[in-house]
Amino acid sequence: MKICVVGCGAMGSVYAARLSRAGHEVSVVDAWQAHVEAIARDGLHISGPDGEFRAAVAARTTAPADPVDLVVLAVKAADVPAAATGLAPLLGPGTTVLTIQNGLGSADAVADAVGAGRLAIGIASGFGAGLRGPGRAHHNAMRALRFGAHSSLAPERVEEVAAAWRAAGFDAAAVDDVIAMQWEKLICNVAYSAPCALTGLTVGEVRDHPELALTSQAAATEAWETALARGVAIDVPDPVELVRAFAARMPGAKPSALLDHEARRTSEIDVINGAVPREAAKVGRTAPVNQALTALARHREAAWRR
């Protein structure tokens, strides 16, 4: 496939490099000039549990007028509306757009910009990736990617996307109910995103802390209860067991929210922990633990924007 990855941060770099190594024609678009220049000059250097490798990909700071088969939108949630409106030069009649973000809500903004009929949603689990400098990324694990139609995208086109990613060595599959999988990931994310960002602890350290573990588990339980109240068909009998098992797979990982706070950047807390009280309110419920965690994270981030 001819693929363009828009948003070549840590996760976007892992996607682009592995897809390129599998033989797909891959280009990337990213706003970080030094990163783009390093990729154009030396390629993408990726390290992870399966070793290190380099992939040659084209890199630009703006999308070229060159339609592709697949656009992978991997920017952070706050950047989705602006990035989505800039995808038009990459879109042809048969282009599929795959959007992969943490939290809830980003896909609707992408659908408004590119059309729901070409949009797929991706769920990435258990990666824990970070940039180590221009042109260089590392990921701690690579558990699974699941893809589903946002609304009216044909199932065979979703399967085409999944097949391309499987060829690149990902555990990738098309699923019927991607919304349920979004919620299952959200339950894990709320357990560790804000608690890790606010304390500086890793996923495993929060899980094993005698007091913070209770806050983490309460945040996850609120998300689980909200999903059930919203009628989402999640396959999670016990949210505490889910989030403890999640942390056990990569105890040394730092959630993206913690990496953002270490760099004094605005995080995606609003669409992760912050999504739970918004969704709970739709069914007359509250989510005080996630509300409090979100407020604390926002307060800290506001000081960096002054």
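How do the residues of the lining of the second largest cavity divide into nonpolar, polar and charged? Point 5 gives the answer.

1. Basis of the note. This is a predicted model, in which local features need pLDDT of at least 70 and side-chain atom pairs count only at pLDDT 80 or more, while totals for chains, interfaces and linings use all residues. Residues are numbered from 1 along each chain as its sequence is written, and side-chain values use heavy atoms, with hydrogens and water left out.

2. Aromatic pairs. Rings of Phe, Tyr and Trp (its six-membered ring) pair if their centres lie within 6.5 Å; planes under 30 degrees apart count as stacked, over 60 as edge-to-face and the rest as tilted. The count by this rule is five aromatic pairs. Y15 and F170 form an edge-to-face pair, because their ring centres are 6.3 Å apart and their planes stand at 65°. Y15 lies in helix 1 (residues 10-21) and F170 in the loop between helix 5 (155-167) and strand 12 (172-174), so the pair ties together parts that are 155 residues apart in sequence. Helices (H or I, at least four residues) and strands (E, at least two) are DSSP runs, numbered from the N terminus. Both Y15 and F170 are buried, that is, under 20% relative accessible area with a 1.4 Å probe, protein chains only. Y15, F147, W165 and F170 form one aromatic cluster.

3. A stacked pair. The ring centres of Y192 and F246 are 6.1 Å apart and the planes are at 20°, so this pair is stacked. Y192 belongs to helix 6 (residues 178-199) and F246 to helix 9 (residues 239-249), so the pair ties together parts that are 54 residues apart in sequence. Y192 and F246 are buried.

4. Charges over rings. A charge sits over a ring if NZ of Lys or CZ of Arg is within 6 Å of the ring centre and within 35 degrees of the ring normal. R18 lies over the face of F170, 5.4 Å from the ring centre. The charged end of R21 sits over the ring of F53, at 3.8 Å from its centre.

5. The second largest cavity. A cavity is a set of points, on a 1 Å grid over the protein atoms alone, where a 1.4 Å probe fits but cannot get out; lining residues have an atom within 4 Å of a point. The lining consists of Q101, N102, G103, I123, Q182, K185, L186 and N189. Helix 6 gives the most to this lining, with four residues. The lining residues divide into two nonpolar, five polar and one charged. Here Ala, Val, Leu, Ile, Met, Phe, Trp, Tyr, Cys and Pro count as nonpolar, Asp, Glu, Lys and Arg as charged, and the others, Gly among them, as polar.

Technical notes. Buried means under 20% relative accessible area, exposed over 50%, partly exposed in between (1.4 Å probe, protein chains only). On a 1 Å grid over the protein atoms alone, a cavity is a set of points where a 1.4 Å probe fits but cannot get out, and a pocket is an open set with protein on both sides within 12 Å along at least five of seven lines; lining residues have an atom within 4 Å of a point.
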